[in-house]
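Here's a quick briefing to go with the model you're about to look at.

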Amino acid sequence: MTTEAPEKKAEPKKEESFLGVFLHNLWSANTVVVTILSILLALVIGAVLIVVSDSDVLATFSYFTARPSDALTASWDLISHAYADLFKGAIFDPAAVQAWFSGSGDWKTVFNPLSETLTYAAPLVFTGLAVALAFRGGLFNIGAQGQAVIGCVTAGVAGFAIGLPPVLHLIVALLFGVIGGALWGFVPGLLKARTGAHEVITTIMLNYTATLFLGWLILQSGVQDPNRTDAVSKTIDSTAGLPALPAPLRVHLGIVLAVLATAGVAWLINRSSFGFELRAVGVNPPAAKTAGMSVARTYIMLMVVAGGLAGLGGAVQVLGTADRLTGQVAGNIGFDGLLVALLGRNKPWGVLFAAMLYGGLRAGGNLMQVDVGVSLELVTVLQALIVIFIAAPALVKSIFQLRDARTARLGASMAKGW
Amino acid sequence: MSGVSTATVEDLAEATAPDRFWNRQRRLGAALVVIGLIAAVIFGSLAESATARFTISEDAEGAALSINGQLGAILFGIVTIAAGGALLAGVAKRWQTTLLVLGIVTFVFSFLCWQVAGKFLPLVDTASGSLELALPLILGALAGVLCERSGVVNVAIEGQFLMGAFGAALVGTLATSVWAGLISAVVGGVIIASLLAVLAIRFLVDQVVVGIVLNLLALGITGFLYERLMQPDALKYNSPPRLPEWRIPGLADIPVVGPVLFETNLLVWLALALVVVIHLGLTRTRWGLRTRAVGEHPTAADTVGVRVRGLRYMNVLLGGVVAGAGGAYFTLVSTGAFNKNMTAGAGFIALAALIFGRWTPFGALGAALFFGFAQKLANYLSAVGSPVPNQFLNMLPYIATIIAVAGLVGRVRAPAADGVPYVKS
């Protein structure tokens, strides 16, 4: 309802060469260009933060007018070192590849960055899908965090409290995660459908309720590790753990499940009759009702499925990466999932790629913290900035003086109140 | 285009008949009877038959209100049932609120009698602790009132708190002045608020999205600078002076109320004064009328010449001032040092207080005090080793808000244009 760029239509269509189209699109405000420039802008602001917070480099700026080269080289060294680490930690380290070829290194060291990226990306895919799917049906599921926390709890408890043979145990634990998350999604869905309570408010409140519940549960006898006094649960049985690659590599089956889930959600949205209903409800609830769809039932189903996905993300986190419950076991995966969904523009495959990018930032951020001492929190800043620019394409457009895109679909189109 | 608050699908769900038997009053009555029964039977049977002492003086031995714990739990539970029964029987409408408040208060008393039996609860400490814990919630909720009454959803209260707390700690330490800290807390809140305003009003980004992302941005920036600057050299960057406690002679000698209200820091008085000022401003001044008009029906306001976007900018920035001051509480009053993610969801409890208080200043004050009391009680119970887990008491604000928006106990309704950006056509 609020597309920024005015539609420019009815221009005389003439045959253009591929190159002409490419060059025209290269500097226009389409999805790809805005996404890339958003990432670039975020990195630039991140660089400023790195320099400003480094007292050694700042000291060289105190005599900037006398010898500007000192300050500039010092800043450049710091920034390039930090961002090179971000790349090395996320994708590959040329030194490790060289060592492998010359025989002094190990293949595991070469693939470790990628393994870390995929490990961090896997739960984000699920929570991102949970947010994106609900978005398509017109619901803003901020509750992915709470649903993931409950998914962690149910999958984790199933992981150490039930004794089952290997493969079956894993499946049961994953299912428990799905059910837990689905229940936590069902509540706001039901309230929305029956009483009209806005899902943003109810899911925000349920997020903190879930975290407090987790904090209480892990201190109960039967859940808490009997050998520990702090808030740590028992370790999950090896029969329930997601199978992973050999030791230093942490990547596990979760990423495969994530790709499957992406394909499943893509099918659900685009090909199934439920997907048609949810899209219709998302675009125009009264029209969907007139067409004979039950809006209330769609809302409930939508939140149950979204909650189940987020719960599965929590289950993957606890069964694949964490292997026991702690107060912070779910980390920030629900809120990050929100960013991932926005970056992926609420399309399933877009979510997958966005989750990879965020997983990569996180993995690279670890190396950056260890190596140059630039805090991992910089990654949070980068992630938030990227989404701010993505969500405000008009801002990016005016900064870079981009042309209007041919298909003006980039407006901030989801603005609505509660 | 429906920006209607909590009733977006009401017309799609089944319509509510206006005068059926189970109207709001009877439902409230039934709920009170149920919790009254829980209080009288469960609390009563679990309570020790020992004296529960509520001390009025600062020390444990001084003057106190005392009652047998078991007897008290049962008696207060019965009063709750009676209040519910009166509502069920159908009393005049003007008694409804009084009876509801009576029922809830006696339920809380019954709970306290059970918990305190054989121990003592210092009333002064509880009251001043509740007020102190409620302080950031009051300021945060007032910031929300300013924004949302003019039609901008503010989910970024948490981020404003964090920036305020960080700014107060950093500048307060560097300038070794608590007042410089307070001012920079305000600046920190305004920075986040101006981002919110520009993105939501100028660039029309979904306001809930902006709010959530700004929270993460504030978390990231403050966490980053904390680890880079404050952690290595806490003495230089992270040891701000504390806000002094002032005592008003004379008034501070009144029992219970005196030490709570008149022997405290400036921020408490500021918050309480702001509640009154914003209430009067909203209901009695031209600014307030325009703010409400812009929040309910911006097109109509624009037609009569109100600058919708300008007013929204102003109100969001004012909200940033108030929320930033709320952030100062965390570093200048509460702990005396900044820590990563130290607000830990307080911004969302403030949001809950705003909603629970029905988007009004006094409602927000009441909700914030209630939530502050719940937190204080949770601290007390975990200190005396009560079997009631404090996590469940900490859930109270969130669950109360869910119940309120679901309309189980009276529906709350947001300003009609809350969250709908205004585009002049």
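Domain bounds here come from an automatic or database domain assignment. For chain B that gives domain 1 (24-118) and domain 2 (124-405), and the centres of the two, taken over C-alpha atoms, sit 31 Å apart. Keep in mind that this is a predicted model, where local features need pLDDT of at least 70, side-chain atom pairs count only at pLDDT 80 or more, and totals for chains, interfaces and linings use all residues. Residues are numbered from 1 along each chain as its sequence is written, while chains are lettered from A and ligands numbered from 1 in the order in which they are written.

**Where the chains touch**
- Chain B puts 55 residues into the contact and chain A puts in 53 residues (in contact means C-beta atoms, placed from the backbone, within 7 Å).
- On the chain B side, the elements giving two or more residues are α7, α14 (346-356) and α16 (390-405) of chain B; helices (H or I, at least four residues) and strands (E, at least two) are DSSP runs, numbered from the N terminus.
- The largest share of that side, 15 residues, comes from α7(B).
- By class, the chain B side has 38 nonpolar, 12 polar and five charged residues (nonpolar: Ala, Val, Leu, Ile, Met, Phe, Trp, Tyr, Cys and Pro; charged: Asp, Glu, Lys and Arg; polar: the others, Gly among them).

**Helix α7 of chain B**
- In α7(B), 22 of the 24 residues are buried (buried: 20 or more other C-beta atoms within 10 Å; exposed: 12 or fewer; partly exposed: in between; C-beta atoms are placed from the backbone).

**Strands in chain B**
- Strand β1 (residues 51-55) runs antiparallel to β2 (residues 64-68), joined by five bridges, and B:T51 stands opposite B:N68; strands pair if DSSP finds at least two bridges between them.
- Three bridges join β1(B) in parallel to β3 (residues 120-122), with B:P122 as the partner of B:T55.

**Positive phi**
- Most residues other than glycine have a negative phi.
- A:N346 has phi near 60°, lies in the loop between α14 (333-343) and α15 (348-372) of chain A, and is buried, with 20 other C-beta atoms within 10 Å.
- B:R358 has a phi of about 55° and counts as partly exposed, with 17 C-beta neighbours inside 10 Å.

Key: Two residues are in contact if their C-beta atoms, placed from the backbone, lie within 7 Å.
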